[in-house]
Amino acid sequence: MATPHPTRGTGDLTTFNIQHGFAEALLRGMRSSFLKDADYHHLTQCETLDDVKLNLTETDYADVLADSNAMSPAAFQKVAVEKLVCEFQYLRTQTVEPLSTFMDFITFEYMIENVMLLLKGALGGRDINELLEQCHPLGMFKESTMRSIPTFENSARGYQDLYQTVLVDTPVGPYFAQFLMESASSRSGGSYNVLAEVEIEIIKSSLIKYWLEDFYNFTMKLGGHTAEIMGELLRVRADSNAINITLNSFGTALNEPAMRTSDRKRLYPGFGHLYPAGIANLSDVTDEEELGRALEPFPQYAAVWNIHASGHGDKTIDDAFYERDVQMLELAFESQFHFASFYAYVKLKEQEIRNLVWVSECILQQQKDEIQNFVQVFSQNAPWRK
Amino acid sequence: MSSAQCASEYCNQGWSEVLTHMSPYGYASFGVAFGLGLSVIGAAWGIWLTGSSLVGAAIKAPRIRSKNLISVIFCEATAIYGVIMAIILTNKIKAPETSGYYLEDGWDYNGYYYAGYGMFSAGLSVGLTNIASGISVGIAGSSCAIADAQDSSLFVKILIVEIFASALGIFGIIVGIIQSNACEFPTFAISNNYNN
């Protein structure tokens, strides 16, 4: 993988602000746009979506909600995501290298998800306009590119055309190239029928893996505080990806002995706290009990796993990971003179949007008992602040 | 690359000879240049650190923009220390009253060199401490602007940190003044009866 080499370093404590001081301060100014404890308190007291909307007009969402007639959880989500994307793109225009490449890296994840969504939708014969609606606005290519993705023929030849004419020109093209290359070398047979054979979810996991590795390499090359803080975030991200892939593979073809080493193992990212010893253990596990045992040597993941394994409360492993992520991202956001705060901002905003959707869904379905089950962002009452 | 020692009396006998042959007036003037130049570098460094964060943070919280100019002024003070020191030092450089090509007999060479080296070092003391002070005020000022944008009660607290950072520069100027106090360039020979 040809990770772009940063044109220059990020600078340290004394020189970071020459290039990136403005963009960083601008981003930190946006911290005030997060919903506060009081806002969440008011939101959870609401009885109807009208109330929710009324309460949101007291927050930073006022402007975007004023022009829309959104009145459902999905519509709130759409408005909130659009606001996030708008802010992100505004920030992106204020940045210079290497920060702008760093911010592009953040969007690649959404591009991969969008392409996969389009491919999956096209295979299921869904309408293109409906699919485009669902795409994450942060990962959009040009309109014409987006429209040409699902028009491929469902054949080896069609996939070849898809890669060679459309995807190769997109920023995520190299990840597809790497995927096709690796698949071709591990399987006998033509190189371009692999897209057709492999399940979309596996392609997606592979691409996300390549993206993570690429992003990690880029971050390491940047050096300084960025490598230190962003490196840690990405290592944890890689580990939770590996754990999730393993967990989700139980009961699917991926967990069969032959597939375990040939396919599942290839989906694990090649860095992180689990890599390499933990990953080697993970690739042999066949059920949840063994997974728990494989994670035992890693206290931080054993703790998360125990929340899942003990099964008490309503916490899933996703919630446990979210909680950990939010804590780490908050810490990353709050230290100065590095790039990880840009990544942390996007991820924390995503968590806030998830919270918003959760609260409004609970209100819509009158599930008031469940309404507190979300991980608040920048809360003064968070367990790690007490 | 080592060559044979040069035997001629016109050859330099190493760096110590080169350095002692430089005019004390030159040393004194370099002291002024370093004192002023390094202080201004420190101040400018602090101002860009603070300024870029200040304008960025002021977009979402415009109320901070005038208040945080104090941070910029603190950085500017660093340059002012340099200017004060440069003025003091420059006033101490006095040309000799003799008009000849050579210095008179009985010239106070000890005082002459003492003044040159003393003022050079005084300039460096001020310049280097002011670089350190300027950068540290700048970093504190940058954090001050960002913190103030989120929570205005933090402004005064971080300002105290800045004052301490700014005090670093004052240490330099105090020592610099003491260093240069005894430096006095001789303007005429102490005794003219050396030959009599």
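**Close-up views of pockets, cavities and the A–B interface**

H13(A) gives nine residues to the lining of the largest pocket, the largest share. This is a predicted model: local features need pLDDT of at least 70, side-chain atom pairs count only at pLDDT 80 or more, and totals for chains, interfaces and linings use all residues. Residues are numbered from 1 along each chain as its sequence is written, chains are lettered from A and ligands numbered from 1 in the order in which they are written, and side-chain values use heavy atoms, with hydrogens and water left out.

**View 1. The largest pocket has a volume of about 1,600 Å³.** Its lining counts 49 residues, and the closest to the centre are Glu109(A), Glu113(A), Lys204(A), Arg237(A) and Tyr322(A). Elements of chain A that give two or more residues to this lining include H5, helix H6 (99-123), helix H12 (200-222) and helix H13 (224-249). Helices and strands are DSSP runs numbered from the N terminus (helices: H or I, at least four residues; strands: E, at least two). By class, the lining has 23 nonpolar, 12 polar and 14 charged residues. Ala, Val, Leu, Ile, Met, Phe, Trp, Tyr, Cys and Pro count as nonpolar, Asp, Glu, Lys and Arg as charged, and the others, Gly among them, as polar. A pocket is an open set of points on a 1 Å grid over the protein atoms alone, with protein on both sides within 12 Å along at least five of seven lines; a cavity is a set where a 1.4 Å probe fits but cannot get out; lining residues have an atom within 4 Å of a point. Grid points are joined across faces, edges and corners, and a volume is the space filled by probe spheres set on the points.

**View 2. The second largest pocket has a volume of about 530 Å³.** It is lined by 21 residues. Nearest its centre lie Arg31(A), Glu334(A), Phe378(A), Gln150(B) and Leu154(B). H18 of chain A and helix H5 (109-150) of chain B each give two or more residues to the lining. H5(B) gives the most, with five residues. The lining divides into nine nonpolar, six polar and six charged residues.

**View 3. Glu334(A) and Arg31(A) form a salt bridge between their side chains (2.7 Å, N to O).** Glu334(A) lies in helix H18 of chain A and Arg31(A) in the loop between H1 and helix H2 (37-45) of chain A, so the pair ties together parts 303 residues apart in sequence. A salt bridge is a side-chain nitrogen of Lys or Arg within 4 Å of a carboxyl oxygen of Asp or Glu. Over all chains the count is 16 salt bridges.

View 4. The buried area is about 1,400 Å², with 65% from carbon and sulfur atoms. Buried area is the accessible area (1.4 Å probe) that two parts lose on being put together, summed over both.

View 5. Helix H5 (residues 73-93) of chain A gives the largest share, three residues. By class, the lining has seven nonpolar, no polar and no charged residues.
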